[in-house]
Amino acid sequence: MNTTYIDIIAEVKLKSPSHGSFKIPNLKKLIISYEDGGANMISVITDKERFGGSLDLLKKVRELTSLPILRKDFLSTKKDMDETLEAGATCVLVIARDHTHNKTLELTKYALSIGLEVLVELHNKKDFSLINKLPKEAKIGINNRDLVTLKTDSNFAISFLDKIPDDRYIVAESGFSKPEELATYSKKINAALIGSSLLTSSNPAKLLSQLKKTALAKELTFARNQQRISYFGEYGGQFIPELLIKPLQEVEFAFNKFKNDKAFINKLNVLLDTYAGRPTPLYKAENLSRELKFNLYLKREDLLHGGAHKTNNTLGQGLLADAMGKKELIAETGAGQHGVAVAMIGALLKKKVKIFMGARDIERQHLNVQRMKLYGAEVVSVTSGSKTLKDAINEALRYYSANSKNTFYIFGTAAGPHPFPTIVRHFQSIIGTESREQILNETKQLPTIVCACVGGGSNAIGIFSAFINDETVKLIGVEAAGGASLTNGTPAILHGSRSYCLQDSNGSISESQSISAGLDYPGVGPEHSKLKDIKRVIYTTATDAQALYAFKKLSKDEGIIPALESSHALAYVLSLKGKLPRTATVIVNLSGRGDKDLTTVEKYI
Ligand SMILES: *Cc1c(COP(=O)(O)O)cnc(C)c1O
């Protein structure tokens with residue numbers, strides 16, 4: 001089943017005939033709460049007389065968000081359409097009732113031709129007779145507000161719903177405000193436009209996410225709706241602003257071209273070997289193997305330049321950016337590890353680098369900030385929202401949509417919108433390819449178990465990818481107990497794709513809580529969600545205490561200080577002591593080294 005939740009178009013208006021003035025003390029805060037709640041588009045009413053709006057209001061909203069913007073007004077000329085585009089809207093409302101059929105068609109086609117999306121609003125029987133003449137790209141708006149009496153009636157337009165062809169994107173305007181109302185009609189519509197109830201809510205983000213969650217959208221048979229395409233079963237896809245679709249298509253196109261290009265592959269391989277230190281060894285941990293009573297092997301990504309597997313990805317994407325002729329690299333970072341890995345590659349490839357980092361994280365991760373600066377990167381402090389990773393990602397996406405011509409966004413893990421999960425898996429799959437070859441060389445057979453820690457899921461998918469088709473190999477992903485999106489989460493849309501996420505009872509994304517910064521992410525890559533559902537990978541958790549124990553154990557018994565992230569995978573494997581046959585072989589992906597974690601660990605010893 002392909003579950004798609006309804007799109008919400010969240011409205012900004014200063015007053016309305018039925019309500020009077022709305023209090024918006026802080027427009028930026030309102031827009032951020034719409035974004036946090038998962039709005040897919042922002043609607044701005046620019047009509048002055050009845051709704052108190054203006055084009056300036058729309059321009060202000062444009063500066064605050066990278067989401068698509070719908071301009072609502074009583075518009076009637078081509079000049080109006082030009083002006084709409086110029087002000088920064090991506091979609092425009094055309095009210096059929098105000099025009100002859102021919103005029104409506106003319107305005108619609110013109111707006112589409114200059115690159116605007118169009119929402120054609122239909123009210124009555126006469127309007128509805130237009131449907132088959134409208135271009136399929138036009139979204140259909142059904143309005144429950146009677147324009148003469150200005151009253152809303154949530155049943156009026158509904159009577160027309162069944163007459164609209166399946167391939168049309170339908171937006172219910174006005175009159176819906178409660179989750180129950182939406183749920184009743186949502187399987188016949190794709191989106192709902194919500195205004196007054198959000199503007200009068202004490203917690204718009206919460207209401208919005210509730211509305212989204214309760215309503216399953218009608219399936220679209222319309223191919224142009226890219227945002228609805230999923231890539232890993234029902235997970236993944238591109239839930240992104242219209243503005244990002246083209247830049248990401250370019251990235252996808254370039255990736256597909258260069259991943260098979262001999263010169264590109266050569267360049268990457270040379271750098272992987274001589275700069276980063278590949279292949280990394282597969283080490284048999286003899287001391288621990290004796291104690292555990294099976295054969296434990298460690299894939300030593302901790303020995304990679306930079307101290308973790310992240311270099312595989314940043315080097316790959318950095319070279320892709322270079323091949324595309326991009327002069328600037330940007331990235332988001334939470335604890336700073338991905339930021340450091342991008343800054344390092346930026347120095348190597350002589351790129352300008354901007355790292356977006358929450359202000360709170362900058363305070364907490366002083367050393368990594370210093371490292372990034374030493375590599376020559378600019379660290380941009382993000383002060384919106386909770387001032388952490390989630391906000392840094394939003395800010396980086398905002399910057400990217402405005403600057404994609406010269407900029408490449410290096411995503412840090414196998415999550416985010418398509419094509420990032422696929423690109424990151426590709427560049428990390430070298431861990432699996434090497435491991436498989438190394439274990440076959442050493443033991444002449446496939447391993448019993450392959451185990452990796454899962455934050456966003458890049459090191460895990462990297463090592464799993466080579467074994468997925470080997471049915472006898474058990475694959476185990478270990479999440480941090482406090483950030484276990486797969487174990488404790490439910491499917492939702494976060495950072496551009498659909499996947500398991502940690503949500504509170506209201507459907508808002510909750511903060512994760514783990515001792516290891518790299519596993520402290522409320523989402524996870526979409527491919528893992530699929531692998532969980534089809535039960536190809538078993539996902540489990542390790543607590544902070546179990547990870548700390550494994551951290552110390554490996555240091556003492558093998559002379560290797562593992563990253564706290566990797567310690568989670570080790571902790572699971574330690575729990576298998578005596579439970580496997582003597583001949584069993586287990587590979588743990590040691591994703592990184594633990595020097596960076598010493599100050600954290602000291603607090604707990
Ligand atoms: C970032 C990081 C992780 C978590 O990221 P994934 O994308 O899940 O691999 C794990 N281990 C180390 C050492 C890291 O730096």
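A polar contact here is a pair of N or O atoms within 3.5 Å; within protein, one must be able to donate a hydrogen and the other to accept it, and residues adjacent in sequence count only if both atoms are side-chain atoms. Before you click, note that this is a predicted model, where local features need pLDDT of at least 70 and side-chain atom pairs count only at pLDDT 80 or more, while totals for chains, interfaces and linings use all residues. Residues are numbered from 1 along each chain as its sequence is written, and side-chain values use heavy atoms, with hydrogens and water left out.

**Stop 1**

Start with Asn459: an N or O atom in its side chain sits 2.8 Å from an oxygen atom of the ligand. Then pick Gly455, which brings a backbone N or O atom to 2.7 Å from an oxygen of the ligand. How much of the ligand does the protein bury? On its own the ligand exposes 380 Å², and 96% of that is buried by the protein (accessible areas come from the Shrake-Rupley method with a 1.4 Å probe, and for residues only the protein chains shown count as cover).

**Stop 1: strand 6**

Go to residues 91-95, strand 6. Helices (H or I, at least four residues) and strands (E, at least two) are DSSP runs, numbered from the N terminus. All 5 of its 5 residues are buried, so strand 6 is largely enclosed by the rest of the structure; buried means under 20% relative accessible area, exposed over 50%, and partly exposed in between (1.4 Å probe, protein chains only). Show the side chains: Cys91, Leu93 and Ile95 point one way, Val92 and Val94 the other. Strand 5 (residues 69-72) runs parallel to strand 6, joined by 2 bridges (DSSP must find at least two for strands to pair). Look for Arg71 opposite Val92.

**Stop 2: His123**

Select His123, in the loop between strand 7 (117-122) and helix 5 (125-128). His123 is buried, at 1% relative accessible area, and its side chain makes a 3.1 Å polar contact with that of Glu121.

**Stop 4**

Most residues other than glycine have a negative phi, and most peptide bonds are trans. The Arg278 to Pro279 bond is cis, with omega near -10°, and Pro279 is in the loop between helix 11 (262-276) and strand 11 (282-284). His418 and Pro419 are also joined by a cis bond, with omega about 10°.

Finish on Lys350, a non-glycine with a positive phi of about 60°. Lys350 is in the loop between helix 14 (337-349) and strand 14 (352-358), and is exposed at 74% relative accessible area.
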